[in-house]
Amino acid sequence: MPARTRFIPWALAFAQIIAVVLAPAAAQATDKPFNVLCTTFPLYQIARNVTQNRASLNLELMLPAQLGCPHDYALTPQDMHKLSRADVLIINGLGLEEFLGAPVRKANPRIQILDSSAGIKDILRYSHAEGHDHEGHADGHAGLNPHLFASPRMAARLTLTIAEGLGRIDPAGADLYARNAQAYAARLNALAEEMRSLGRTLANTRIVTQHGAFDYLARDMGLQVVGVVSAHAGQPPSAAQTLALVQTIRRLKAGAVFTEPQYPARIAQTIAREAGIPAAVLDPVAGGPARAGLDYYEQAMRRNMATLKVTLGTR
Ligand SMILES: [Zn+2]
């Protein structure tokens, strides 16, 4: 049957064309595994919520969970290894990851970088940036405050940006990411609303913080950060700066000095005692336990609400 033998190669060729045409859709349908790396703990917690039930996505945290703000961080060989096997790197942006740069592309030229703060317009500058390390850096973010994550309202925006970015990279998961993000962002916005209401009832709204981590939360709640213990996170203030801060607290009648779990509290406690006001721990959730629950951020913010109430008093 010569006609039939001639038909078979045609059928095979046709089948190959079909296979090529269908290939992209087929690859999506099989949900090829991909690796997403988050630089910091707060981004990792957001991404965990956004990517819930997406089995093909492997999510990993780059820096140690307990580290907190990575202002003085330097990349380790372990970080480079994580970078080398990641398809996507989710970053905070705004100069928080000064440790990144050329080494990232060297470790992994094909990595896609998802900047969670991209497109956010109402970014604050550091309010107490005297001598801050961010000043003068050539990264285009000099003086911008990167601590969006410490505000539930801004964290909700980061959540939606991360979901959109992941949806573009992994279209088969886009609907799931969008649904998860809407639910989590709604919870964060409800929390932000509660914190705003609390702000209106506080007897004293003038605070001193360890470093510039709470500027966005203060904006949400109507609090004024009248001073910071260390203008460059992690570096102790000079004797002159300490004295000036005590005088500022007395002059402006600040209500409390807030320390952070990440930094030693001793100097802040001395300043508070000297000025005659309470000191307490307020957590920007820059870090947390390695096995944190999905609602760890909300729980930490509720502890912050209780602390603000007790230390600042209510009207
Ligand atoms: Zn910080």
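Predicted model: local features only at pLDDT ≥ 70, side-chain atom pairs only at ≥ 80, totals over all residues.
Residues are numbered from 1 along each chain as its sequence is written.

**The sheet**

Strands 2-1-3-4, in that order, form an open sheet with parallel pairing; two strands pair if DSSP finds at least two bridges between them. Two of the pairings look like this:

| Strand pair | Bridges | Sense |
|---|---|---|
| Strand 1 (residues 34-38) and strand 2 (residues 57-61) | 5 bridges | parallel |
| Strand 3 (residues 88-91) and strand 4 | 4 bridges | parallel |

Between strand 1 and strand 2 the chain passes through helix 2 (residues 41-50), a right-handed β-α-β crossover. Right-handed means that, with the strands pointing away from the viewer, the path from the first strand over the helix to the second runs clockwise. In the other pair, Val88 faces Gln112 of strand 4. Strand 2 and strand 4 (112-115) each have a single partner strand, so one side of each lacks a neighbour in the sheet.

**The core**

The largest nonpolar core holds 73 residues, and Ala47, Val50, Leu89, Ile90, Ile162 and Val208 have the most contacts inside it. Such a core is a set of buried Ala, Val, Leu, Ile, Met, Phe, Trp, Tyr and Cys residues joined through C-beta atoms within 7 Å. Buried means 20 or more other C-beta atoms within 10 Å of a residue's own, exposed means 12 or fewer, and partly exposed lies in between, with C-beta atoms placed from the backbone. Setting aside neighbours within four places in sequence, Ala47 is in contact (C-beta atoms within 7 Å) with Val36, Cys38, Leu59, Ile90 and Ile162.

**A helix pair**

Helix 5 (residues 152-169) packs against helix 6 (residues 174-201) at about 175°, with axes 8 Å apart. The axes are lines fitted to C-alpha atoms over the stretch in contact, and angles run from 0 to 180 degrees between N-to-C directions. The two helices are therefore roughly antiparallel, the term for angles over 145 degrees.

**An exposed arginine**

Arg291 sits in the loop between strand 8 (279-281) and helix 10 (296-312). Arg291 counts as exposed because 7 other C-beta atoms lie within 10 Å. Arg291 is 226 residues from Ala65 in sequence, yet their C-alpha atoms are 8.8 Å apart.

Notes: Contact = placed C-beta atoms within 7 Å. Parallel < 35°, antiparallel > 145°, perpendicular 65-115°, else oblique.
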